[in-house]
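Please keep the structure open while going through them.

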Amino acid sequence: MFKPAITGTGVFTPDQVITNDELVESFNAYADKMNAQNAAAIEAGEMEPMQHSSSEFIYKASGIKQRHVLDKEGVLNPDVMHPLLRQRSDDEPGVMTEMALDACTKALAQAQADASEIDLVICAASNMERAYPAIAIEIQNALGAGGFAFDMNVACSSATFGLQAAADMVRSGSVRKAIVVNPEICTGHLEWRDRDCHFIFGDVATATVIERAEDAKGDYFEIISTRCATEFSNNIRNNNGFLRRSRPDGVVDRRDMQFMQNGRKVFKEVVPMVSAHMLSHLEAEGVSPDNLRRLWLHQANKSMNDFIGKKVLGRTPEDGEQPNILQDYANTSSAGSIIAFSKYSDDLEAGDYGVICSFGAGYSVGSVLVKRH
Ligand code: COA
């Protein structure tokens, strides 16, 4: 058995940004347009008018101030309300591969590793831009990596589940150097015409290099252990899929073909699930929460993270103990906890412990206990 270690991380951040004010202005223009179009039905009491969104609500309810996106113009156009991406030929890299390459190149540079040394690529994300061939294999090819590659999807928990898979393979020796990459184009599956959720997501890609600790060329985080858990729930769901055209009204513009959630229920049910999961993981490893230097949590909602941090540490986390990035990136699904880890882990000292933890649809929760070397 070998000790698996995280030796590098990388983040690709799209240039374009949408602030809450810009988002709300376009949403309200869309709502006004719809209300004008349906004035007679609204007047007759057959239809409820659409209500305006508000920047104050968004920040207060979520902690989000802005989001990075691949295409701002389409999302903010009240006549479009979704990203518009260029049609690519099958002979050029897909958009997920392009984002992934940027994040992987940064992660490999930090690990001082060459892409040719990689013998496992896992593309772990909430959505894949096509059914097959696997996006991971396209990324493997574009990187010039060897070995094998596969896609996996556990929604917001994809990154930690991917880390567990890669760490277990490095530990057993079936793989020597792996990269887990999370290209998340959340703007593609968000319903921008629904004020309950239109503010939630942004786009990003993250990558993490996992290899034997003995192969590390610089500072690294030993992966002490990982723990994953799932419990079925319909509270976060997207019904889009390959059987769409086979259903009577499958191809029409249906609300359930984009992200849907019962946010209140998710909040109430996931917070205790995640806190208990992390505490039992730590207990099994004999690591007291008092010995944790940092929590890198999934970035969906600030209050959610405040609750989880308080429950796990048994006190209100101090500044910097549980860094949030969601104010700048919004929810980036599986990538959120890895962005936090990538940006806020350099200052840890040898012997410090931390936990990367993600959670979301499924329900699913994954935690990775790491120790700085
Ligand atoms: N602007 C203004 N008001 C809004 C609004 C908006 N954009 N969206 C909703 N509201 C209104 C609602 O209609 C509701 O009005 P009512 O009280 O008159 O019915 C009120 O604000 C409260 O809405 P609610 O949806 O209950 O808000 P919330 O406090 O639960 O916050 C979330 C919403 C989504 C931010 C929160 O529930 C959450 O973060 N949940 C967990 C999300 C999560 O982790 N998801 C995982 C995704 S992978």
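Predicted model: local features only at pLDDT ≥ 70, side-chain atom pairs only at ≥ 80, totals over all residues.

Which exposed residues does the face of H3 turned away from its buried side carry?

1. The face of H3 that is turned away from its buried side carries Glu56 and Lys60, both of them exposed.

2. On the buried side of H3, which spans residues 55-62, the residues Ser55, Ile58 and Ser62 are buried. Viewed down the axis of H3, these buried residues fall within an arc of 70 degrees, so they line one face of the helix. The packing partners of the buried residues of H3 are helix H1 (20-37), strand E3 (66-69), helix H9 (302-313) and helix H10 (326-329). Just after H3 comes Gly63, which takes a positive phi of about 90 degrees.

3. By class, the shell is made up of eight nonpolar, seven polar and three charged residues. Of the 18 residues around the ligand, those that come nearest are Ser53, Arg195, Gln261, Arg264 and Asn301.

4. Turning to individual atom pairs, an oxygen atom of the ligand lies 2.7 Å from an N or O atom in the side chain of Asn301, and a nitrogen atom of the ligand lies 2.8 Å from an N or O atom in the side chain of Gln261. For Asp196, the distance between an N or O atom of the side chain and a nitrogen atom of the ligand is 3.5 Å. As for cover, the ligand taken alone exposes 980 Å², and the protein buries 72% of that.

5. A separate point concerns Gly94, whose place is in the loop between helix H4 (72-76) and helix H5 (95-111). Is Gly94 buried or exposed? Gly94 has a relative accessible area of 6%, and it is therefore buried, since buried means under 20% relative accessible area. Leaving aside neighbours within four places in sequence, Gly94 is in contact with Arg88, Glu129 and Glu138.

6. Finally, for anyone relating Gly94 to Phe242, the two residues are 148 residues apart in sequence, and their C-alpha atoms are 19 Å apart in space.

Terms used: Residues numbered from 1 in each chain as written. Heavy atoms only, no water. Buried < 20%, exposed > 50% of the residue type's maximum accessible area, 1.4 Å probe, protein only. Helix = DSSP H or I, 4+ residues; strand = E, 2+ residues; numbered from the N terminus. Arc of directions from axis to C-beta. Contact = heavy atoms within 4.5 Å. Near = heavy atom within 4 Å. Polar contact = N/O pair within 3.5 Å; in protein donor to acceptor, adjacent residues only side chain to side chain. Areas by Shrake-Rupley, 256 points an atom, 1.4 Å probe, with all protein chains shown as cover. Nonpolar A, V, L, I, M, F, W, Y, C, P; charged D, E, K, R; others polar.
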